[in-house]
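Please read the following note with the sequence and the model side by side.

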Amino acid sequence: MTESQDKETTRAKMTSAAAAAASSNSEAKIAVSSSSTSSPFLQFSSFTAEEKDQMNKLQHVGCEVRDLKLHIQSKQENENTNKQENDEDEDTKTLNQLLFQMNDIKSQLGRSILREVKTIIRILEGKSPSTDNNNNISNEDCLESEAIQLTNMLPSGKPRKDMEKRLRAIRKQKKAAQKSLFDKSLHTKSLRIQRKIHHLLSSTGLGDTFQYYPNSLNTEINKLVPNQLIVLTEKWDGTTVQATNKGIFKRSDKFTKGDARKFQTMKEEERYDIERLDVGFDEFLATKNGGSTSCRGGGDKSCKYIREAIEPYYPIFASMDDDICVYFEAVGTKIQARFKTCNIAPYSNPEPSSSSVDSDYWHDIRVFDFTRNGQFLSWNETKSLALKLKLPLVGFTDPPMPLNINQIVGMLRSGLTYDVKSDVNHPANCALLEGYVVRGLIHEHEGKGGIDEQPQRTTERDEEPIAKIRVEDLEQFAPIEKELTK
């Protein structure tokens, strides 16, 4: 054999060894996790003493393969590119010997491992009774973990693929069962749905003919009157969510877009449904109360970004009084495009942001309402309670001002952005304001006694009037002459 042929043979051996080492890497990882942690490995399987010895030997050889593979890789990275290939001959030979030994053991154990995997899978599928008298969800997790580990030790081929397919089906069925256990209607009975906030201005037409009367308050619906003392709060563009100490909830519209009934004046319960969101709050409460759950880390994937926004506030929600419900917008870059970098207004501050918030990725909440015993609190009570609970509140005008339509329209036309006063470098400060919620103050004296004041009303009273006006509404103003003939 020539020198060049000898080098080609060596390269082929090394390539073969590397491929075999990669395929055996999962076995090596299994060996490490099984020997160095309190893994449930072999807790349920009924191997003979001889088979168990072989399994231990396989794990030991797997560790050696892993270590030698890392050594060869490190050596290749540290040595000169033009190194002599025979420098690695000894390591390569040793690796090939270990891989051959592993394959030999796996071949001997293959039938036994397959037998045990099938037994465990039949238990998980409910086709065979478990020998464990204390079988429960936790043990099912251990059984599944053991079946996965054993399946990974099977030689490649149809039997292994069949076992992997059955395990995937078991996981899918288990996930569906956990999802069905989540009751979306739990704790929603008698819960006050977020109220419909009507437009500040009167309007005419529907669809393409819809227009606002620019100088006419919609007093009949929203109860606001000219020169009434008001506060303007920022209308955050996000997903409206509400929370009690028992759950996280979201309203949904009963009618589809374009349905004429959407434009009728209805009670909240006639217009909207409400459902509980599966965002991990149940698991938080269970852990807080000393319980445990097998579903941690689960939840509705479609609510992933809502969960990111609200999860930091779970301890606060859990601490609220039983009769309190908080209403807020879940906001952030993945919830509304308004807060993505490409949509923000030019930033006037030339200095780099020192904010802890990532301008390209952030989620948070902005509180705008509370109810106690199903009745909406006044603005001053809302502000006081948010401060007491340390929840982030929407921005607002201070001091209060008389209701003047022209003044509000002028403010909206000036291209305002959000104003996060607690962080001047917050990326939301660059996002164009969606609009204002106009809140009439008829209970101005309430909530001014300090943050410890918690009004406990036993009788109902009129709720403060409320309305909204958005920047986009300004493009739908009716001509002045049409307003004059109204």
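1. Over which residues does pLDDT stay under 50, with 43 contacts beyond four places in sequence in the model? The stretch is residues 7-40, where pLDDT is the predictor's confidence in each residue, from 0 to 100, and contact means heavy atoms within 4.5 Å. Where pLDDT is low, the predicted coordinates should not be read in detail.

2. This is a predicted model, in which local features need pLDDT of at least 70 and side-chain atom pairs count only at pLDDT 80 or more, while totals for chains, interfaces and linings use all residues. Residues are numbered from 1 along each chain as its sequence is written, and side-chain values use heavy atoms, with hydrogens and water left out.

3. The mean pLDDT of the protein is 78, and 73% of its residues reach 70 or more. Confidence is lowest in helix α2 (residues 25-36), at a mean of 39, and highest in helix α11 (residues 314-319), at 97; helices (H or I, at least four residues) and strands (E, at least two) are DSSP runs, numbered from the N terminus.

4. An open sheet is formed by six strands in the order β6-β5-β4-β7-β8-β9, with antiparallel pairing; two strands pair if DSSP finds at least two bridges between them. β6 and β9 (375-376) stand at the edges with a single partner strand each, so one side of each is left without a neighbour in the sheet.

5. β7 is joined to the antiparallel strand β8 (residues 363-372) by nine bridges, and Glu329 stands opposite Arg366 in β8.
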